[in-house]
2 protein chains.
Amino acid sequence: MDAVDALGTAAALEQAKKSYAEGGIPIGAALVQHVSAGSAPKLIACGHNERIQKSSATLHGEMSCLENAGRLKADVYRNCTMFTTLSPCIMCTGAILLYRIPRVVIGENATFCGGEDLLLANGVEVVVLDDRECRDLMSKFIAEKPEEWNEDIGE
Amino acid sequence: MDAVDALGTAAALEQAKKSYAEGGIPIGAALVQHVSAGSAPKLIACGHNERIQKSSATLHGEMSCLENAGRLKADVYRNCTMFTTLSPCIMCTGAILLYRIPRVVIGENATFCGGEDLLLANGVEVVVLDDRECRDLMSKFIAEKPEEWNEDIGE
Ligand SMILES: [Ca+2]
Ligand SMILES: [Ca+2]
Ligand SMILES: [Zn+2]
Ligand SMILES: [Zn+2]
């Protein structure tokens with residue numbers, strides 16, 4: 001795993017755990033800017049699902065991360081990877097496509113699989129890590145709070 | 001125009017004008033719940049683009065409306081129309097699909113056309129009004145603040 005992926009996966013998982021500790025849905029995300037070879041990658045922002053914490057219908061992990069990043073120029077997004085602990089839903093997929101983020105690294109897609117096909121069809125590089133810690137955390141939450149989880153994915 | 005559409009289009013346009021008056025991007029949205037014949041439709045929430053007002057990268061008109069609506073159960077969304085003064089971008093399209101909102105009424109799609117094809121491909125009813133007031137307001141803003149507009153659509 002290179003420096004970009006090490007930074008992004010750790011930040012996203014930390015956010016997921018933070019949300020779980022707050023009683024929230026344990027999905028985290030991080031936006032990391034690629035930089036020239038030899039320089040350290042830059043963590044632009046991170047965030048976690050805020051449905052329970054903020055009664056939010058839009059702040060999924062990825063959306064929260066993009067919101068925390070604030071206003072950015074188009075060329076910044078185009079040199080970033082979006083990290084997320086869980087496969088992005090169709091809303092978050094749309095946000096990634098809007099800003100033309102070229103690469104998405106997904107912790108796991110076993111508990112839920114969202115818009116990966118649409119990302120791929122639009123030329124986005126998609127990496128699925130099948131990470132056990134992401135999967136176990138999400139499985140635990142779904143077993144504990146199935147109604148909140150269903151609400152989060154519109155079911 | 002029936003009572004649902006009269007309520008929704010007026011609320012969305014009012015939001016777009018409010019945003020323009022605040023110096024913001026003039027795109028408004030409204031979520032209206034259909035009710036049984038003979039009852040008045042219910043305005044669940046409305047909202048407008050908040051890029052400039054809140055330095056937000058995610059609060060497009062439709063997203064702001066969904067956020068203002070708060071947490072709703074799945075069956076509420078499935079009996080609603082989303083009204084928006086401008087064709088929804090791919091992020092907002094994704095949000096509409098996530099919550100399986102079955103109908104979208106669009107003020108105009110001449111100044112920008114977003115994810116209408118994806119809505120249609122997923123069985124969403126799409127109505128485009130080609131409303132002159134929506135188009136004129138958006139055209140005026142794009143001429144006045146082209147950089148803010150490009151940023152809002154990731155360009
Ligand atoms: Ca928090
Ligand atoms: Ca306002
Ligand atoms: Zn999502
Ligand atoms: Zn949008």
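How much area is buried between chain B and chain A, and what share of that area do carbon and sulfur atoms give? The answer is about 2,900 Å², with 55% from carbon and sulfur atoms. Buried area here is the accessible area (1.4 Å probe) that two parts lose on being put together, summed over both.

This is a predicted model, in which local features need pLDDT of at least 70, side-chain atom pairs count only at pLDDT 80 or more, and totals for chains, interfaces and linings use all residues. Residues are numbered from 1 along each chain as its sequence is written, chains are lettered from A, and side-chain values use heavy atoms, without hydrogens and water.

**Stop 1: the interface.** Select both sides of the contact (heavy atoms within 4.5 Å). Chain B brings 35 residues and chain A brings 35 residues. Now pick Arg71(B), Leu98(B) and Glu151(B). They supply 24% of the area that chain B buries against chain A, more than any other three residues.

**Stop 2: a salt bridge.** Show Glu151(B) with Arg71(A). Their side chains form a salt bridge at 2.7 Å, N to O. The rule asks for a side-chain nitrogen of Lys or Arg within 4 Å of a carboxyl oxygen of Asp or Glu. It finds 6 salt bridges across this interface.

**Stop 3: Ala12(B).** Move to helix H1 of chain B, residues 3-21, where Ala12(B) sits. Helices are DSSP runs (H or I, at least four residues), numbered from the N terminus. Is Ala12(B) buried or exposed? Ala12(B) is buried, because its relative accessible area is 2%, and buried means under 20% (1.4 Å probe, protein chains only). Beyond neighbours within four places in sequence, Ala12(B) contacts Gly28(B), Ala29(B), Ala30(B), Phe83(B) and Thr85(B).

How values were computed: Helices (H or I, at least four residues) and strands (E, at least two) are DSSP runs, numbered from the N terminus. Buried means under 20% relative accessible area, exposed over 50%, partly exposed in between (1.4 Å probe, protein chains only).
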